[in-house]
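Please read the following note alongside the model. It takes the sheets in turn and then turns to the ligand.

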Amino acid sequence: MRYISTRGGIAPLRFQDAVMMGLARDGGLLLPETLPTVAADMLDRWQHLPYQYLAREILSLFIDDIPDNDLEDLIERAYASFTHPQVTPMTKQGEVYILELFHGPTLAFKDVALQLLGNLFEYVLARTGGFMNILGATSGDTGSAAIAGVRGKNNIDIFILHPHGRTSPIQALQMTTVLDPNVFNIAVRGTFDDAQAIVKAIFNDLDFRDRYRLGAVNSINWARVLAQVVYYVYAYLKLRKLGHDSVDFSVPTGNFGDIFAGYVARTLLPRGCIHSLILATNANDILTRFVARGDYSRGQVQATSSPSMDIQIASNFERYLYYLRGEDGGAVKRDMDGFAATGRLDLAACRQRVAEDFRSRSVSEVETLATIGDFHRQYGYLLDPHTAVGVKAALELRDPARPVVCLATAHPAKFGAAVSRAIGSQPPLPPALADLENRDSRCTVLDADLGAIRDFVAANALQ
Ligand SMILES: *Cc1c(COP(=O)(O)O)cnc(C)c1O
């Protein structure tokens, strides 16, 4: 399998090179040259497999430059850190199935991808004799999952900027209590946007980027999307065993990464297995407007109780756009250049095709908290605010003819303040994190100043 850019401007790459490149050199995103498909008889075999074995089967359709035994080992080690034997278990609560993706080390679904990505980076670097310095900004979840994915790994340093005092206390502690010498937490005196702007400026300094071999871990990395395809298929197969041939998924979405993995899974499986994907947004509804009217236009970011979805520009949207534009990289490039210039993309002409793939609903703050409260009262089950957005959209848009699987993207304790507003008390942290506040922590506080942060990275980076 070779990888190409959504903007058509690079020579095809092998998987390992695609993982190391992250963002394509022409500014586009990497995708497989063709999306693989599997036949129904394969599903008879797959439906008995444990998560890790299913992951190996699926990943090997997309990866042909890592020997089977090595891939098996990378997957095995990635999911050994999960506290549930099924990795992503599923439960039924009332009308919906809940696919719990939060049993990894940082309690959010990003662990599913980042535990694997850390191993992949280390594997490739060991073979090429290289090193890398990962640099990123986080508003909370991505940073802790990325740190957990690469802590203690050889030939990798990681520098994560977070806005000082503006993440939840738990999110900050999940990052700063990791004391491995290859982990550098920088608390920036400023907002997330300040931190993000500094990271972008450092990446745009091409000399610096090349000298320190800067790498990114945000959801534009193809390996992250790929790792997430697995749990859609895993959940589908569980329902298939119960006699359901066709299911829907509801996905709380910010950067379009998780739901794009659903799109790949839907293409992979025989037609109709995944009937539709419900794209759930919070008050930041650019993607809901896109599905409803073909209007993809940037708005103001609004702060909500599901902060990991407080996003206006969905960094993975371009991958779907590539298929919407009939795999025409030139058309995607024109669209994205136009969007960069005007903040707006008119896709009304594609509405019919989009409606075949997605249904969408934006969920308000009041609805989100009410859904958490209802589920707690009716079923004694606690939803985190992101998951609640997806559950509410599923309850509104589901088709009673088919089961709907709601992706549970974070453990409720991770967003205790919002949950407490909904039910009147804080959910307890799981045992592995219960003593977080008593652990030693390490973090450097710096001004939101490009020079100061670049100097800090240069002084500490591998080279
Ligand atoms: C990152 C995140 C999301 C959004 O995922 P995308 O891939 O950006 O759509 C949803 N919920 C939680 C808890 C997250 O951390």
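**Notes on the sheets and the ligand site**

1. Strand β4 (residues 96-100) runs parallel to strand β14 (residues 404-408), and four bridges join them. Strands here are DSSP runs of E with at least two residues, helices are runs of H or I with at least four, and both are numbered from the N terminus. Within this pair, Ile98 is placed opposite Cys406 of β14. The model is a predicted one: local features need pLDDT of at least 70, side-chain atom pairs count only at pLDDT 80 or more, and totals for chains, interfaces and linings use all residues. Residues are numbered from 1 along each chain as its sequence is written, and side-chain values use heavy atoms, with hydrogens and water left out.

2. Both strands belong to an open sheet of six strands with mixed pairing, ordered β3-β4-β14-β9-β10-β13. Two strands pair if DSSP finds at least two bridges between them. The edges are β3 (90-93) and β13 (358-362); each has a single partner strand, so one side of each lacks a neighbour in the sheet. From one strand to the next, the twist averages 25°.

3. Helix α11 (residues 257-268) lies across β9 (247-252), β10 (274-281), β13 and β14, and runs at about 175° to β10. Such angles run from 0 to 180 degrees between N-to-C directions, with axes fitted to C-alpha atoms, for helices over the stretch in contact; contact means heavy atoms within 4.5 Å.

4. A second open sheet has five strands in the order β8-β5-β6-β7-β15, with parallel pairing. Here β8 (214-215) and β15 (444-447) are at the edges with a single partner strand each, so one side of each is left without a neighbour in the sheet. Helix α5 (residues 110-128) packs on this sheet, where α5 touches β5 and β6 (156-163) and makes about 145° with the direction of β6. Strand β5 (residues 132-137) is joined to β8 by two bridges, and the two run parallel. Ile134 has Gly215 of β8 as its bridge partner.

5. An N or O atom in the Lys110 side chain is 2.5 Å from a ligand oxygen atom. A backbone N or O atom of Asn255 lies 2.8 Å from an oxygen atom of the ligand, and a side-chain N or O atom of Thr409 is 2.8 Å from a ligand nitrogen atom.

Technical notes
A polar contact is a pair of N or O atoms within 3.5 Å; within protein, one must be able to donate a hydrogen and the other to accept it, and residues adjacent in sequence count only if both atoms are side-chain atoms.
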